[in-house]
Amino acid sequence: MKKFSIIIMLFIFLGVVPTISYATTDCSSKLYWDGVELKLGQIGRVIVQKPTNIYKNNNGTLEVVRQAKRGDNYRIYANKETYFHLGGGLVIKNDTSILYQTPSKEKLSKLLCAKSSPTTFTIGDDTSTVTVKLGAAKKSISNEFHASTSIYHKSYNNFYAISYVNNKIASIYTKDKDYQFNGISISSTVSQLESKLGKDYETTSNTYPIEVITYDLPNYQANFFIDVHNENKISAILLLDHQLIENNPNLYPKKSTALETSYETLLFELTNAERKAKGVPVLQHASNVSTVARKHSADMGTNDYFNHDNLKGETPFDRLSNGGVLFRNAGENIAMGYTNPYFAHEALMNSLGHRTNIVSTNYTQIGVGVYFAKWTYGSIPYYTENFIKP
């Protein structure tokens, strides 16, 4: 029997979202090695014996960025035999020009202790700080701030989407329960949040219950998404550097096919991170389903309507069939107006019908389609998620 569920979400988000910094939690105070701080994830150091080059890995090609002088001391985060990795994409050649040393067992044990502590990298930290803690990014996409967002997870556990500007962290979105911000983490309650950061905050909705709490802090803004269906606990944290907003004052991004594609990718990743957190199997991407979803978003945006049935009277069920998609079960979520996928996804999760589709075991595949409709002040995103089980 064919099963089809359709859910509607309409909400224009007019707020802006920035970021924050947190206190580092460690097993001890700062650790030093011959007067130089030993950093979390550092496996050793190199001391330059004679002038040599430092290279940057640019898409697989090593380019000289500067020369290291005799006596220079560099932290090492990875040993790849031919080259040592200095962090931030920089490497130094392993030859007679340098002397490699490792810290004592005592110091290493303290570093291992630190590795088991809550995740505490922050806005402004170097990219190497993230690499040490999370490893290599699964993928990188563009974002609305004309920068890149790297996505990290371990089979969709410990999910992060982190943006960088000039090799520095500019924004952080996470659903990782190990991440801490001023003593606040995923699953903290609103009262716990208020006890740490106070009650001087704004919300991005005039309805109750509150779905997003935003603190405007020096240099950063912190956004806490509230799960209204889970005792009003924090479901995700989004931090954004004020500088990003100052450089991009228009809330709504300009129309861009590349950015539409990036939004689709991010919404797909967020959906699977959510499913993993809820203990259900992740979904496979289906390109033919994405094509159907994308056409519906474009049709809504171009013809200025918001509905599951298009202007021809075709239902999502009809559109999937007309697109050559074979399915036993199918469902659809639509949204519009959210300036980025984080807010779209979290809002959908706070609507029971949308939430059911996102975490349902009735589906095994998903297709996401995003379209930026023209608007006086930029463009308004339309989102369509189609879920199926072939």
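Reader: Let's start with a charge and a ring: which residue lies over the face of tryptophan 33?

Author: A charge sits over a ring if NZ of Lys or CZ of Arg is within 6 Å of the ring centre and within 35 degrees of the ring normal. Here that residue is arginine 45, at 3.9 Å from the ring centre of tryptophan 33. Tyrosine 371 has a charge over its face as well: lysine 255, at 3.8 Å from the ring centre. Bear in mind that this is a predicted model, where local features need pLDDT of at least 70 and side-chain atom pairs count only at pLDDT 80 or more, while totals for chains, interfaces and linings use all residues. Residues are numbered from 1 along each chain as its sequence is written, and side-chain values use heavy atoms, with hydrogens and water left out.

Reader: Back to arginine 45: which side chain does it meet in a salt bridge?

Author: You call a salt bridge when a side-chain nitrogen of Lys or Arg is within 4 Å of a carboxyl oxygen of Asp or Glu. For arginine 45 the partner is aspartate 34, at 2.7 Å from N to O. Aspartate 34 is in the loop between strands S2 (32-33) and S3 (36-37), and arginine 45 is in strand S4 (residues 44-48), eleven residues apart. Those labels follow DSSP runs numbered from the N terminus: helices are H or I with at least four residues, strands E with at least two.

Reader: How many salt bridges does a search of the whole structure find?

Author: Eleven. One of them joins aspartate 126 and lysine 168 at 3.9 Å, N to O. That pair links the loop between helices H1 (105-115) and H2 (127-134) to strand S15 (residues 168-174), 42 residues apart. Aspartate 126 is partly exposed at 24%, and lysine 168 is partly exposed at 38%. Then look at arginine 319 and glutamate 332, which meet at 3.0 Å, N to O. Helix H7 holds arginine 319 and strand S21 holds glutamate 332, 13 residues apart, and both residues are buried. There's also a network of salt bridges linking Lys175, Glu274, Lys278 and Glu346.

Reader: Now the rings: how many aromatic pairs are there?

Author: Rings of Phe, Tyr and Trp (its six-membered ring) pair if their centres lie within 6.5 Å; planes under 30 degrees apart are stacked, over 60 edge-to-face, the rest tilted. The whole structure has 16 such pairs. Among them, phenylalanine 225 and phenylalanine 343 are edge-to-face, 4.9 Å centre to centre with 70° between the planes. Phenylalanine 225 lies in strand S18 (residues 220-227) and phenylalanine 343 in helix H8 (residues 341-349), so this pair ties together parts that are 118 residues apart in sequence. Phenylalanine 225 is buried at 1%, and phenylalanine 343 is buried at 4%.

Note on methods: Buried means under 20% relative accessible area, exposed over 50%, partly exposed in between (1.4 Å probe, protein chains only).
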